[in-house]
Amino acid sequence: MERKINTKKEKIIELSDVYKYYDMGHEVVKAVDGIDITINKGDFVAIVGPSGSGKSTAMNLIGALDIATKGDIFLDNINIKQLDESHLSQIRGKKIGFIFQAFNLIPTLTALENVMLPMVFQRIPLYERQKKAEELLIGIGLEHRMNHLPKELSGGEKQRVAVARALANDPDVILADEPTGNLDTKRGKEIADMFERLSKEGRTIILVTHDMNVARHADRIYQLKDGKIINK
Amino acid sequence: MFKDFFLLAINNLRRRKLRSWLTMIGIFIGITAVVSLISLGQGLQTAITGQFSTLSINTLTIQNAGTGFGPPGSTVVEKLNQNDVEVIEKVNGVKIVVPRIVKVVRVDYNNAASFKYVADIPKENDKREMIYDSLNLDAEKGRLLEGNDYGKVVLGSNIAEGNQFEKKIEVGKSIIIQGEEFEVIGILEKASNFQINDAILMLNDDLEELLGLENEIDLIIARISDNEDPEEIALRIEKALRKDRNLEEGKEDFSVETPLQAISTVNQVLSIIQIVVVGIALISIIVGGIGVANTMYTSVLERKKEIGTMKAIGAKNSDILWIFLIESGMLGFIGGLIGVILGASSAIGLSSVANNYFGSEIITVNLSIILIISVLVFSFLLGVLFGAIPSYQASKLRPIEALRE
């Protein structure tokens, strides 16, 4: 699963003067207030900031889960504003691997089935799906937990399954939202090391966190405050 | 892809076992009623039609009719009598007229007593043959009665069987009827008509003497010429009797029935019962469907985060729609399956109770593959239909909102 590391930096994500406002009736919340971010293939980027700084909103915008109030977001040179909901889903499934703070595994599916699920939505045949999912779970040392339900796994194991699921469709970008937020320090470090390893394999990683211990694994850190980038 | 969605759906139903069961109860009560009713209804219709099939199509039955309301005896009914027989004999198109007596008598055998129907058999050859022919009577053992078989009887198959007098009655044995001894010379073949299976036949003279009857007739059977229209002759008989008895049209104290009329009357009643029960069953199915809708709504609310996650990892709106539609369809389908099983077993149970009671294969269960398949398809579609709106709402959830839950 070694990926070639691009020597020539190729742009994969670009946020250009992006705003996201929420109209709360009596006031307008400026969650993201004019940010520019460019991420190239193979980058390991961390977005940090206290809660309410707009980093989660920024992540949702990058992951095409949300639509910007103003500004353009390019994912692999496609302006996602121009896509309808079904195309957005398709793009998310193919190009982005999500990792959530609360793991978000489907509780009724086993670890193996959870890892296979993103491939179901890409209509990949069962045999291939199963083979790929098994490889991924073996790769993160969960071969003995494949047929366990999420509730039978520890927090660290759940997050590793979630990482395997994020890798299922070989996405260009791994997008992780507070991936260590629900883990103790030791498990948190394991996950952070895993990101570093994935980065060395040439994957693009965007990490949203408030934990500087995790963020320092990244090559580049964007610090957000009140919806604005305050340093880079 | 659909296979995966089916697995997802079944997993989800299993996870919410109690709720799934409660939802399915609503469906399967209705389906049970429909399945048992339809499979029994056809059998019931066959059974009732069978009661009349022994009367051939060119035989008319004339009976006393009820004459309105009031306690018995408050209205004067002129009973059928020999004069009526003569009037009917004169009607154009009528070939043979046979007056019949059907009474209940006490029968003693093997120190046990029971009350049974006894019907008379005419002594005249042509009339006797007509009765045998139109009722489709034949002897299984021994022989049928002939014109000079005084002191002898023929038994219906149920009477001869062991369970009525704790001992089988064989041909050649004697039984006591109303204190008089009669020799059994024949046992009838099992008929589709259970009244015949439970009846005793004896010569008309014997029966009149035994019960001290004079000029008493319970019903009159008229056979018409082969090429005549039974309905037409029935009208002529009605007119002749009305004239003879001085009655106005519509105030007859007798009725003339063709076999077809009798069947259609019974079938009409049966249809009404079926429509009523099917109506009730349909209401219960609709209520069951609303249960499905309710369960799916709750399910969508509870699984918002799951829906959001699936959308984040690449599920299109249509994928989510299918997952939820299949799930609600499966709720209907499994409910239907249980309904089919319960309905079939209750139909089989009811028919065997009825058959035991009447002592013959009266009601058969008519459980067709087409019925089963269409009920299952119907239940699945019902689930899909009632799950449609919640599923659509699930598919339209914006991932960001769904994930925020």
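Guide: What follows is a walk through some salt bridges and the elements around them. The model is a predicted one. A search of the whole structure finds 39 salt bridges over all chains. Side chains of opposite charge can pair when their charged atoms come close.

Take chain A to begin with. The side chains of A:Lys11 and A:Glu14 form a salt bridge, with 3.0 Å from N to O. A:Lys11 has a relative accessible area of 36%, so this residue is partly exposed. A:Glu14 is also partly exposed, because its relative accessibility is 21%; the limit for buried is under 20%.

Strand 1 of chain A, residues 11-23, pairs with strand 4 of chain A, residues 70-75, through five bridges in the antiparallel sense. Strands of a sheet pair through backbone hydrogen bonds, either parallel or antiparallel. The open sheet of chain A has four strands in the order 2-1-4-5, with antiparallel pairing. At its edges are strand 2 (28-40) and strand 5 (78-79) of chain A, each of which pairs on one side only.

Another salt bridge of chain A joins the side chains of A:Arg187 and A:Glu190, again given as 3.0 Å from N to O. Both residues belong to helix 6 of chain A (residues 185-200), and because they are three residues apart there, about one helical turn separates them. A:Arg187 counts as partly exposed at 30% relative accessibility. A:Glu190 is partly exposed as well, with a relative accessible area of 31%.

In chain B, B:Lys123 forms a salt bridge with B:Asp205, and their closest N and O atoms are 2.9 Å apart. B:Lys123 lies in the loop between strand 4 (112-121) and helix 4 (125-134) of chain B, while B:Asp205 lies in helix 8 (residues 204-211) of chain B, so the pair ties together parts that are 82 residues apart in sequence. The relative accessibility of B:Lys123 is 36%, which counts as partly exposed. For B:Asp205 the relative accessible area is 26%, and this residue too is partly exposed. Elsewhere, salt bridges with shared partners join A:Lys20, A:Asp66, B:Arg398 and B:Glu401 into one network.

The residues above with a stated accessibility can be set beside some buried ones. In helix 1 of chain A (residues 55-62), seven of the eight residues are buried, so the helix is largely enclosed by the rest of the structure. Among these buried residues are A:Lys55, A:Met59, A:Leu61 and A:Ile62. A:Ala64 follows helix 1 of chain A and has a positive phi, near 60°.

A:Ala111 is a further buried residue, with a relative accessible area of 2%. This alanine is found in helix 3 of chain A, residues 111-121. Apart from its neighbours within four places in sequence, A:Ala111 is in contact with residues including A:Leu137, A:Arg145, A:His148 and A:Val161. Its C-alpha atom is separated by 8.8 Å from that of A:Ala162, which is 51 residues apart from A:Ala111 along the chain.

Technical notes
Residues are numbered from 1 along each chain as its sequence is written. Chains are lettered from A and ligands numbered from 1 in the order in which they are written. This is a predicted model: local features need pLDDT of at least 70, side-chain atom pairs count only at pLDDT 80 or more; totals for chains, interfaces and linings use all residues. Side-chain values use heavy atoms; hydrogens and water are left out. Two strands pair if DSSP finds at least two bridges between them. Helices (H or I, at least four residues) and strands (E, at least two) are DSSP runs, numbered from the N terminus. Buried means under 20% relative accessible area, exposed over 50%, partly exposed in between (1.4 Å probe, protein chains only). Contact means heavy atoms within 4.5 Å. A salt bridge is a side-chain nitrogen of Lys or Arg within 4 Å of a carboxyl oxygen of Asp or Glu.
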